[in-house]
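I went through the model chain by chain and wrote down what I looked up.

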Amino acid sequence: MSPLVEVQDLVKHYQAGGFLSRNAPPVRAVDGVSFVIEAGETLGLVGESGSGKSTVGRNILRLETPTRGVVKFEGVDLASLSPRDLRSTRRRMQIVFQDPFGSLNPRRTVGASVGEGLEIHALVPRSEIGARVAELLEEVGLDPDYATRFPHEFSGGQRQRIGIARALAVEPRFVVCDEPVSALDVSVQAQVINLLLDLRERRNLAYLFIAHDLAVVRQLAHRIAVMYLGTIVEIGDARTVIDAPRHPYTQALVSAVPSPDPGATRNRIVLAGEPPSPAAPPPGCPFEPRCFHPLKDDRCRVERPGLRRVAAQDVACHYAEVVAADMTTTAPT
Amino acid sequence: MKPLLDVVDLRVTFPHGRAEALTPVDDVSFAIDRGELVALVGESGCGKTLTGLSVPGLLPRGAELGPSSAIRFDGVDIARLSEKAMRQYRGQHIAMIFQDPMASLNPVMRVGDQIGEAITAHQAVAKREVARRVHALLAEVGIADPEGRARSYAHQLSGGMRQRIMIAMALAAEPELLIADEPTTALDVTVQAQILELLDTLRQSRRMAVLLITHDLGIVAGRADRVLVMYAGRIVESAPTAPLFEHPDHPYTRGLFASIPRIDAPAGRLTPIRGSVPRPDAWPVGCRFHPRCDWRVEKCMHLRPPLVPIERPDHPAACWVAQGNTE
């Protein structure tokens with residue numbers, strides 16, 4: 001059986017606009033990304049800003065058209081669908097954004113926003129929409145009476161619940177969660193993480209959970225993919241990637257996660273510099289300029305490493321057999 | 001020895017139409033010693049930013065300090081200084097940096113010139129000497145190629161680099177206290193780690209005190225000397241960092257710890273605090289945390305708990321139940 005979502009060599013380049021910059025190199029936002037997501041499974045997609053993680057999410061849903069590559073949903077290539085078939089397929093693929101306020105119409109009641117998809121796709125008779133909206137609000141932990149109120153009356157956490165109810169209304173099998181909790185305070189963030197866990201279980205949802213915070217991703221993801229400068233540098237079982245990372249970048253990312261434990265004397269790797277521009281990626285390994293691997297050499301500067309199986313995960317590093325973080329106590333700055 | 005900064009009964013009020021004035025900061029007292037790093041932690045809407053702004057006299061228009069509020073810097077109460085006298089303090093003794101450096105940088109002025117202005121604002125320095133000091137400051141905050149970077153404009157720099165520029169500007173007049181309001185919140189984790197290391201290095205090399213305002217308890221561990229936890233306009237618990245993390249006494253502090261997703265703990269459900277932070281126009285009577293609290297007793301709904309020590313003299317918590325005083 002084919003996986004629920006299959007992404008093959010996805011590429012998205014943006015050409016800078018304007019006639020003065022027509023000859024500028026394209027921004028390689030996503031530069032050859034592949035993975036699968038099974039029904040009911042959560043893939044965490046982690047990376048820093050500019051790594052291309054949100055672009056991957058938008059291109060899977062065809063909110064943008066990929067430059068190259070194949071995205072299959074339920075075994076069907078989305079590029080092969082007619083606009084009409086694409087619309088009906090899209091119902092089963094939804095997205096939840098970081099800023100729910102941006103995706104809710106301020107002049108429509110919460111009930112109208114949540115019920116919109118039901119109406120468009122004629123999922124329930126018109127007379128039953130109100131009752132269905134009430135059920136959905138209850139399912140995400142909101143008072144059904146909120147249906148008659150407007151988005152501005154709600155806190156950030158409540159708005160995110162409304163955004164989730166709206167996505168669930170059309171009964172998706174797959175939801176792209178694009179930084180859904182990063183704008184929320186910690187106590188509310190934990191509530192929404194729990195809600196996403198409950199919904200996944202109850203509805204057998206698959207998530208692509210996009211976030212910059214590895215600790216948040218850890219709570220939800222079965223598998224984790226780490227992105228750097230438009231490519232996946234490491235992908236594997238969530239516990240393996242966090243407890244035994246093989247790519248030096250993943251090692252640095254794990255060590256940079258603040259731990260609320262003053263006794264924790266983890267090896268802190270402080271990376272030098274910042275990610276290069278995706279308009280001018282290094283010719284070899286994208287991480288090479290910041291890499292602290294003791295075996296780093298000329299090969300890393302010229303030859304881009306592809307993903308290959310090392311230990312229990314796939315890693316894009318020429319020297320992943322040697323765990324860099326074990327060999328260096330502090331990264332050179 | 002008297003502390004460098006001593007904030008006493010800080011109260012910030014805003015007029016609120018015909019209703020009673022809002023009090024987003026209510027009765028906050030704390031002190032910071034020279035060279036000490038104190039973290040002020042809480043969720044959004046707790047009053048931590050207003051607390052920080054009130055120290056260098058940067059409160060927004062309309063805000064008023066309470067009649068008994070005092071802000072003593074090196075023994076002098078600066079709470080009611082004239083704007084002109086305050087400006088002297090701001091440059092030379094107290095500096096502040098913010099989450100978004102872009103908002104504080106002039107977009108049409110080279111960053112080196114802006115740092116130069118910060119140097120000459122308080123002392124007459126020869127032009128060549130200014131340039132030398134600008135480059136030295138840029139090097140001190142970890143910027144490679146200081147001469148080249150001094151000629152850049154803010155928009156040409158990354159977020160992490162801009163925050164370094166802001167820190168260099170803040171250091172220009174050699175302040176004794178740096179107030180850093182969410183300085184790394186907008187930055188990526190690997191860059192956040194760099195900036196926090198830098199602040200820690202500067203504090204040690206310059207013996208500069210730092211008030212670090214943050215929502216993230218995680219960045220406080222292993223860095224701050226002491227932690228103040230704020231909830232709904234009040235400090236609810238304060239302690240040296242290690243005892244606070246090992247044995248938080250206030251149910252809000254405990255709730256915050258339980259809410260934090262941890263990379264080194266089993267995956268799955270977290271234990272959140274129910275509800276959300278109330279707004280200043282809807283602060284509950286008694287203990288302001290009681291509607292979200294699992295420990296509450298009758299008394300919590302009527303009487304405000306005082307901030308008093310429980311086991312250690314330097315670790316007070318404002319909770320009737322933790323104090324064993326529920327009658």
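**Domains of chain B**

I started with how chain B is divided. Domain 1 of chain B covers 5-93 + 177-317, and domain 2 covers 105-174. These bounds come from an automatic or database domain assignment. I looked up the centres over C-alpha atoms: 30 Å separate domain 1 of chain B from domain 2 of chain B.

Before going on, I noted the ground rules. This is a predicted model, in which local features need pLDDT of at least 70 and side-chain atom pairs count only at pLDDT 80 or more, while totals for chains, interfaces and linings use all residues. Residues are numbered from 1 along each chain as its sequence is written, and chains are lettered from A and ligands numbered from 1 in the order in which they are written.

Next came the contact between the domains. Eleven residues of domain 1 of chain B touch eleven residues of domain 2 of chain B. Contact here means that C-beta atoms, placed from the backbone, lie within 7 Å. On the domain 1 side, helix H2 (83-92) and helix H8 (189-206) of chain B are the elements that give two or more residues. H8(B) gives the largest share, five residues. I noted that helices (H or I, at least four residues) and strands (E, at least two) are DSSP runs, numbered from the N terminus.

Ala, Val, Leu, Ile, Met, Phe, Trp, Tyr, Cys and Pro count as nonpolar, Asp, Glu, Lys and Arg as charged, and the others, Gly among them, as polar.

**Chain B as a whole**

Chain B has eleven helices and 13 strands. Its C-alpha trace spans about 70 × 50 × 40 Å along the principal axes. A compact globule of 327 residues would have a radius of gyration near 20 Å, and chain B agrees, with 21 Å. That radius is taken over C-alpha atoms, and the globule rule is 2.2 Å times the number of residues to the power 0.38.

Of the 327 residues of chain B, 47% count as buried. The cut-offs: buried needs 20 or more other C-beta atoms within 10 Å of a residue's own, exposed means 12 or fewer, partly exposed is in between, and C-beta atoms are placed from the backbone. For contacts in chain B with a separation of 6 or more, 63% join residues 24 or more positions apart.

**Strand S8(B)**

Five of its five residues are buried. One side carries B:Leu177, B:Ile179 and B:Asp181, the other B:Leu178 and B:Ala180.

Which strands pair with S8(B), and in what sense? Strand S7 (residues 94-97) of chain B runs parallel to S8(B), joined by four bridges. In that pair, B:Ala95 stands opposite B:Leu178. Strand S9 (residues 209-214) of chain B also pairs with S8(B) in the parallel sense, over five bridges. Here B:Leu177 stands opposite B:Ala209. Pairing needs at least two DSSP bridges between two strands.

H8(B) came up again here: S8(B), H8(B) and S9(B) make a right-handed β-α-β unit. Right-handed means that, with the strands pointing away from the viewer, the path from the first strand over the helix to the second runs clockwise.

I checked backbone angles next. B:Asp27 has a positive phi of about 70 degrees although it is not a glycine. B:Asp27 is found in strand S2 (residues 19-32) of chain B. It counts as partly exposed, because it has 17 C-beta neighbours inside 10 Å.

B:Asp145 also has a positive phi, of about 55 degrees, and is not a glycine. B:Asp145 lies in the loop between helix H5 (127-140) and helix H6 (146-150) of chain B. Is B:Asp145 buried or exposed? With 11 C-beta neighbours inside 10 Å, B:Asp145 counts as exposed.

I finished on chain A. An open sheet of four strands there has the order S2-S1-S4-S5, with antiparallel pairing. Strand S2 (27-37) and strand S5 (76-77) of chain A stand at the edges with a single partner strand each, so one side of each lacks a neighbour in the sheet. Two bridges join strand S4 (residues 68-73) of chain A to S5(A). A:Phe73 stands opposite A:Val76 in that pair.

The contact between the chains takes 35 residues from chain A and 38 residues from chain B. On the chain A side, H7(A) gives the largest share, nine residues. That side divides into 20 nonpolar, ten polar and five charged residues.

Definitions and conventions
Contact = placed C-beta atoms within 7 Å.
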